[in-house]
Amino acid sequence: MSIQERHIGETDQKSVSLYSLSNKNGVKVEIMNYGGIVTSVSTPDKNDTAGDIVLGFDNLSDYLKEHPYLGAICGRYANRIEKGRFLLNGQTYSLPINNGPNSLHGGVKGFDKVVWNAQANSATNELILTYFSKDLEEGYPGNVTVKVIYSLSENNELFIRYFAETDKITHINLTNHSYFNLSCGKEKILDHNLRIYASHYTPVDENSIPTGKILPVNETPFDFRSPKKIGEEISKIEHGYDINFVINQEDDKINKVADLSHSGTGRLVEVFSTEPGVQFYTGNFLDGTLKGKNGIIYDKHMGVCLETQHFPDSPNKKGFPSTILAPGEPYSQTTVYKFGIIH
């Protein structure tokens with residue numbers, strides 16, 4: 001196992017480096033300290049040919065432009081908050097509106113657009129990223145210290161461990177927003193097979209805000225309890241899938257979230273998490289205006305996201321698992337993406 005560091009530029013008068021984590025099985029993951037962005041995940045296919053299975057860009061300058069959170073850490077609050085406001089301890093907090101009438105993924109300059117402090121530990125194959133988010137940054141209360149640890153195991157597991165502490169009661173919800181394409185961009189993700197370990201989902205209104213209900217997936221296009229092609233019923237959903245699933249949690253430990261596979265390449269990604277939900281998103285708003293790595297045009301449905309998280313708009317939904325973080329009560333969660341081959 002090893003970690004390589006390469007300086008790739010600057011932004012906000014801070015240095016940006018690319019860190020490469022690799023193991024003996026030919027798996028390689030590259031991460032920037034800008035946005036904590038996973039820029040590349042290279043895994044072997046069934047013929048032992050390596051290929052990059054996440055969407056991204058070839059250079060830092062493209063990441064500094066507007067893009068749909070490719071590979072980034074999203075925070076303070078991943079996903080949507082209705083009308084960009086919530087009530088906490090008797091006080092109403094207002095957030096930037098950046099997604100229709102809502103606040104999305106932490107606001108105008110969320111954790112995806114800041115330079116994190118980085119420390120590489122080759123002995124443990126870990127990249128440790130830290131960021132200090134000041135009180136009322138993007139409207140959120142509390143001085144919050146955040147740490148995200150990326151590590152790659154010899155079992156081809158990419159661990160993402162998240163930690164946070166605050167000095168004032170606040171809300172926090174962190175995730176990674178990688179777009180997977182197991183064909184390495186040679187085709188859209190509609191023929192990828194997906195299984196989601198969830199018997200319920202949270203339906204949304206016309207602005208993609210959960211209604212507050214938790215409904216069973218059976219007899220709906222959201223039923224992925226058995227593996228099926230992503231494109232099998234996608235035409236029944238306007239634009240495509242962009243919905244939170246309620247993960248079947250057996251205990252307080254890590255639970256299976258999803259299996260994503262592609263028969264053409266034989267690649268498999270298994271997802272595990274301690275989080276109660278996963279946002280399944282099929283790149284509906286990729287519109288061909290972005291040119292990604294190797295000159296690939298990112299059209300609609302070119303990538304699929306499996307964002308482990310708490311539910312959207314939880315600060316305004318009493319029946320959802322709480323996203324409140326109080327002083328002295330550290331936040332922690334773990335998500336694992338395990339790469340393999342189907343036979």
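These are my notebook entries on what I looked up in this predicted model.

**Ground rules**

I number residues from 1 along each chain as its sequence is written, and my side-chain values use heavy atoms, with hydrogens and water left out. Since the model is predicted, local features need pLDDT of at least 70 and side-chain atom pairs count only at pLDDT 80 or more, while totals for chains, interfaces and linings use all residues.

**Entry: the whole chain**

I started with secondary structure and got one helix and 27 strands for the chain. These are DSSP runs, numbered from the N terminus: helices are H or I with at least four residues, strands are E with at least two. The radius of gyration is 19 Å, close to the 20 Å that the globule rule gives for 343 residues, so the chain is as compact as a globular protein of that length. For my own record, that radius is taken over C-alpha atoms, and the globule rule is 2.2 Å times the number of residues to the power 0.38.

Next I looked up the C-alpha trace, which spans about 60 × 50 × 40 Å along its principal axes. Buried residues make up 58% of the 343 residues. I use buried for under 20% relative accessible area, exposed for over 50%, and partly exposed for in between (1.4 Å probe, protein chains only).

Of the contacts with a separation of 6 or more, 64% are between residues 24 or more positions apart.

**Entry: Glu307**

Which strand holds Glu307? I found Glu307 in strand β25, residues 305-309. Glu307 is buried yet has no salt bridge, and the nearest side chain of opposite charge, Arg80, is 7.8 Å away. For charge, Lys and Arg count as positive and Asp and Glu as negative; His and the chain ends are not counted. A salt bridge here is a side-chain nitrogen of Lys or Arg within 4 Å of a carboxyl oxygen of Asp or Glu.

What I did find is a polar contact of 3.4 Å between the side chains of Glu307 and His177. That term covers a pair of N or O atoms within 3.5 Å; within protein, one must be able to donate a hydrogen and the other to accept it, and residues adjacent in sequence count only if both atoms are side-chain atoms. Leaving out residues up to four places away in sequence, I listed what Glu307 touches: among them are His105, Thr175, His177 and Tyr281.

**Entry: salt bridges**

How many salt bridges does the structure hold? I have 15 down, and I went through a few.

- Asp223 pairs with Arg225, with the closest N and O atoms 2.9 Å apart. Asp223 is buried at 18% relative accessible area, whereas Arg225 is partly exposed at 37%.
- Lys236 meets Glu233 at 2.8 Å, N to O. Lys236 is exposed at 56%, whereas Glu233 is buried at 16%.
- Lys256 meets Glu270 at 3.2 Å, N to O. This pair links distant parts of the chain, 14 residues apart: Lys256 sits in strand β22 (residues 255-262) and Glu270 in strand β23 (residues 267-273). I have Lys256 as partly exposed, at 22%.
- Glu82, Asp313 and Lys317 are linked in a network of salt bridges.

Where is Glu219? I placed Glu219 in the loop between β19 (215-216) and β20 (228-229). Glu219 is exposed at 81% relative accessibility and has a positive phi of about 65° although it is not a glycine.

I found Asp48 in the loop between β4 (38-44) and β5 (50-52), exposed at 63%.

Last, I noted a cis peptide bond from Gly75 to Arg76, with omega near 5°. Arg76 lies in the loop between β6 (73-74) and β7 (80-81).

Methods: Contact means heavy atoms within 4.5 Å.
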